Amino acid sequence: DYCKVSPSNYHCKQCKQVRYCSRKCQRKDWKAHKRLCFAWKELMSDHVQKISLREAHQRLQQTQTIMEKITANEIIEKKEEEKKKNDLSKAVTKANNTKNQISKKKEEKKEKKSSSNHNKIDNKKFDVDKSSSSPALFL
(Lines give C-alpha, C1' and ligand atoms only; values in the text may rest on other atoms or scores of the structure.)
Protein backbone atom coordinates (compact mmCIF):
# COMPACT_ATOMS: atom_id res chain seq x y z
CA ASP A 1 0.00 0.00 0.00
CA TYR A 2 1.25 3.45 -0.93
CA CYS A 3 0.07 5.35 2.13
CA LYS A 4 0.94 2.79 4.81
CA VAL A 5 -2.38 3.69 6.45
CA SER A 6 -5.03 1.16 7.45
CA PRO A 7 -7.68 0.77 6.28
CA SER A 8 -6.91 1.72 2.70
CA ASN A 9 -10.31 2.33 1.16
CA TYR A 10 -9.19 3.41 -2.29
CA HIS A 11 -7.27 1.44 -4.91
CA CYS A 12 -6.07 1.94 -8.46
CA LYS A 13 -8.94 1.00 -10.73
CA GLN A 14 -6.57 0.18 -13.59
CA CYS A 15 -4.24 -2.36 -12.01
CA LYS A 16 -5.99 -2.93 -8.67
CA GLN A 17 -2.58 -3.52 -7.08
CA VAL A 18 -1.98 -0.34 -5.06
CA ARG A 19 -4.18 0.93 -2.23
CA TYR A 20 -4.52 4.51 -0.99
CA CYS A 21 -5.97 6.22 2.06
CA SER A 22 -7.72 8.90 -0.04
CA ARG A 23 -8.27 10.13 -3.58
CA LYS A 24 -5.95 13.04 -2.83
CA CYS A 25 -3.16 10.63 -1.98
CA GLN A 26 -3.92 8.57 -5.09
CA ARG A 27 -3.66 11.65 -7.30
CA LYS A 28 -0.41 12.62 -5.60
CA ASP A 29 1.10 9.21 -6.45
CA TRP A 30 -0.23 9.00 -10.02
CA LYS A 31 2.84 10.49 -11.70
CA ALA A 32 5.05 7.74 -10.26
CA HIS A 33 2.45 4.97 -10.36
CA LYS A 34 1.14 5.33 -13.91
CA ARG A 35 4.15 3.68 -15.60
CA LEU A 36 3.98 0.69 -13.30
CA CYS A 37 0.21 0.63 -13.63
CA PHE A 38 0.29 0.39 -17.43
CA ALA A 39 3.09 -2.16 -17.34
CA TRP A 40 1.19 -4.26 -14.79
CA LYS A 41 -2.04 -3.99 -16.78
CA GLU A 42 -0.23 -5.12 -19.91
CA LEU A 43 1.41 -7.99 -18.06
CA MET A 44 -1.93 -9.13 -16.65
CA SER A 45 -3.70 -8.91 -20.01
CA ASP A 46 -0.94 -11.05 -21.52
CA HIS A 47 -1.16 -13.41 -18.57
CA VAL A 48 -4.82 -13.98 -19.36
CA GLN A 49 -3.71 -14.84 -22.91
CA LYS A 50 -1.57 -17.62 -21.39
CA ILE A 51 1.91 -16.40 -22.25
CA SER A 52 4.83 -18.60 -21.35
CA LEU A 53 6.21 -18.51 -17.85
CA ARG A 54 9.59 -17.36 -19.17
CA GLU A 55 8.03 -14.42 -21.04
CA ALA A 56 5.95 -13.46 -17.99
CA HIS A 57 9.10 -13.56 -15.85
CA GLN A 58 10.95 -11.34 -18.36
CA ARG A 59 8.10 -8.85 -18.38
CA LEU A 60 8.03 -8.84 -14.59
CA GLN A 61 11.76 -8.08 -14.54
CA GLN A 62 11.21 -5.27 -17.04
CA THR A 63 8.48 -3.88 -14.80
CA GLN A 64 10.79 -4.05 -11.79
CA THR A 65 13.53 -2.27 -13.76
CA ILE A 66 11.06 0.46 -14.72
CA MET A 67 10.06 0.85 -11.07
CA GLU A 68 13.70 1.10 -9.97
CA LYS A 69 14.31 3.82 -12.58
CA ILE A 70 11.20 5.70 -11.49
CA THR A 71 12.27 5.49 -7.85
CA ALA A 72 15.82 6.61 -8.72
CA ASN A 73 14.46 9.56 -10.73
CA GLU A 74 12.19 10.56 -7.86
CA ILE A 75 15.13 10.49 -5.46
CA ILE A 76 17.22 12.61 -7.83
CA GLU A 77 14.37 15.10 -8.30
CA LYS A 78 13.85 15.32 -4.54
CA LYS A 79 17.57 15.95 -3.94
CA GLU A 80 17.63 18.62 -6.67
CA GLU A 81 14.58 20.28 -5.12
CA GLU A 82 16.21 20.24 -1.67
CA LYS A 83 19.42 21.70 -3.15
CA LYS A 84 17.43 24.51 -4.79
CA LYS A 85 15.70 25.25 -1.48
CA ASN A 86 19.05 25.29 0.34
CA ASP A 87 20.59 27.55 -2.32
CA LEU A 88 17.62 29.91 -2.10
CA SER A 89 17.84 29.95 1.68
CA LYS A 90 21.55 30.76 1.53
CA ALA A 91 20.89 33.56 -0.98
CA VAL A 92 18.19 35.07 1.24
CA THR A 93 20.48 34.85 4.28
CA LYS A 94 23.31 36.50 2.35
CA ALA A 95 21.00 39.27 1.13
CA ASN A 96 19.76 39.88 4.67
CA ASN A 97 23.33 40.00 5.99
CA THR A 98 24.30 42.48 3.28
CA LYS A 99 21.24 44.58 4.09
CA ASN A 100 22.14 44.55 7.78
CA GLN A 101 25.75 45.55 7.04
CA ILE A 102 24.59 48.45 4.88
CA SER A 103 22.17 49.61 7.59
CA LYS A 104 24.92 49.34 10.19
CA LYS A 105 27.34 51.40 8.05
CA LYS A 106 24.68 54.05 7.48
CA GLU A 107 24.02 54.22 11.22
CA GLU A 108 27.75 54.49 11.93
CA LYS A 109 28.09 57.33 9.41
CA LYS A 110 25.11 59.07 10.94
CA GLU A 111 26.57 58.73 14.44
CA LYS A 112 29.98 59.89 13.24
CA LYS A 113 28.44 62.92 11.54
CA SER A 114 26.41 63.75 14.63
CA SER A 115 29.47 63.39 16.84
CA SER A 116 31.46 65.59 14.48
CA ASN A 117 28.80 68.33 14.62
CA HIS A 118 28.85 68.28 18.44
CA ASN A 119 32.64 68.60 18.44
CA LYS A 120 32.47 71.64 16.13
CA ILE A 121 30.05 73.39 18.48
CA ASP A 122 32.19 72.53 21.53
CA ASN A 123 35.29 73.91 19.80
CA LYS A 124 33.70 77.30 19.05
CA LYS A 125 35.03 80.01 21.26
CA PHE A 126 32.89 82.30 23.22
CA ASP A 127 34.04 85.90 22.83
CA VAL A 128 33.12 88.69 25.18
CA ASP A 129 31.90 91.90 23.60
CA LYS A 130 33.97 94.63 25.21
CA SER A 131 31.18 97.21 25.13
CA SER A 132 28.73 95.02 27.02
CA SER A 133 29.09 92.90 30.05
CA SER A 134 27.27 89.86 28.56
CA PRO A 135 29.08 87.20 26.55
CA ALA A 136 28.27 86.94 22.86
CA LEU A 137 28.46 83.76 20.83
CA PHE A 138 29.82 84.07 17.32
CA LEU A 139 29.13 81.04 15.19
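**View 1. Threonine 63 lies in helix H2, which spans residues 53-123.** The model is predicted; local features need pLDDT of at least 70 and side-chain atom pairs count only at pLDDT 80 or more, while totals for chains, interfaces and linings use all residues. Residues are numbered from 1 along each chain as its sequence is written, and side-chain values use heavy atoms, with hydrogens and water left out. Helices are DSSP runs of H or I with at least four residues, strands are runs of E with at least two, and both are numbered from the N terminus. Threonine 63 has a relative accessible area of 7% and is therefore buried. Buried denotes under 20% relative accessible area, exposed over 50%, and partly exposed the range in between, with a 1.4 Å probe and protein chains only. When residues up to four places away in sequence are not counted, threonine 63 touches Leu36 and Ala39; a contact requires heavy atoms within 4.5 Å.

**View 2. Leucine 60 is another residue of helix H2.** With a relative accessibility of 33%, leucine 60 is partly exposed. Leucine 43 is 17 residues apart from leucine 60 along the chain, and the C-alpha atoms of the two are separated by 7.5 Å.

**View 3. Glutamate 81 and lysine 85 form a salt bridge through their side chains.** The N to O distance is 3.7 Å; a salt bridge is defined by a side-chain nitrogen of Lys or Arg within 4 Å of a carboxyl oxygen of Asp or Glu. About one helical turn separates glutamate 81 and lysine 85, because they are four residues apart in helix H2. Glutamate 81 is partly exposed at 47% relative accessibility, whereas lysine 85 is exposed at 55%.

**View 4. Lysine 83 and aspartate 87 are joined by a salt bridge.** Their closest N and O atoms are 3.1 Å apart. Lysine 83 and aspartate 87 are also four residues apart in helix H2, so about one helical turn lies between them. The relative accessible area of lysine 83 is 52%, which means that this residue is exposed. For aspartate 87 the value is 38%, and the residue is partly exposed. In the whole structure, the search finds two salt bridges.

**View 5. Lys13, Lys16, Arg23, Arg27 and Lys41 form a positive surface patch.** A patch consists of residues with over 30% relative accessible area and no salt bridge; like charges are joined within 9 Å, and nonpolar side chains (Val, Leu, Ile, Met, Phe, Trp, Tyr) within 5 Å. Lys and Arg count as positive and Asp and Glu as negative, while His and the chain ends are not counted. Each charge is placed at NZ of Lys, CZ of Arg, CG of Asp or CD of Glu. Arginine 27 belongs to helix H1, residues 23-48, and is exposed with a relative accessible area of 62%. Lysine 41 is likewise found in helix H1; its relative accessible area of 42% makes this residue partly exposed. Lysine 41 and lysine 16 are 25 residues apart along the chain, and a distance of 9.1 Å separates their C-alpha atoms.

**View 6. The protein chain contains two helices and four strands.** Along the sequence, these elements follow the pattern β-β-α-α-β-β. The chain has 139 residues, of which 14% count as buried. Among contacts between residues at least 6 apart in sequence, 21% join residues at least 24 apart. The chain exposes about 12500 Å², and carbon and sulfur atoms supply 53% of this area. Accessible areas come from the Shrake-Rupley method with a 1.4 Å probe, and for residues only the protein chains shown count as cover.
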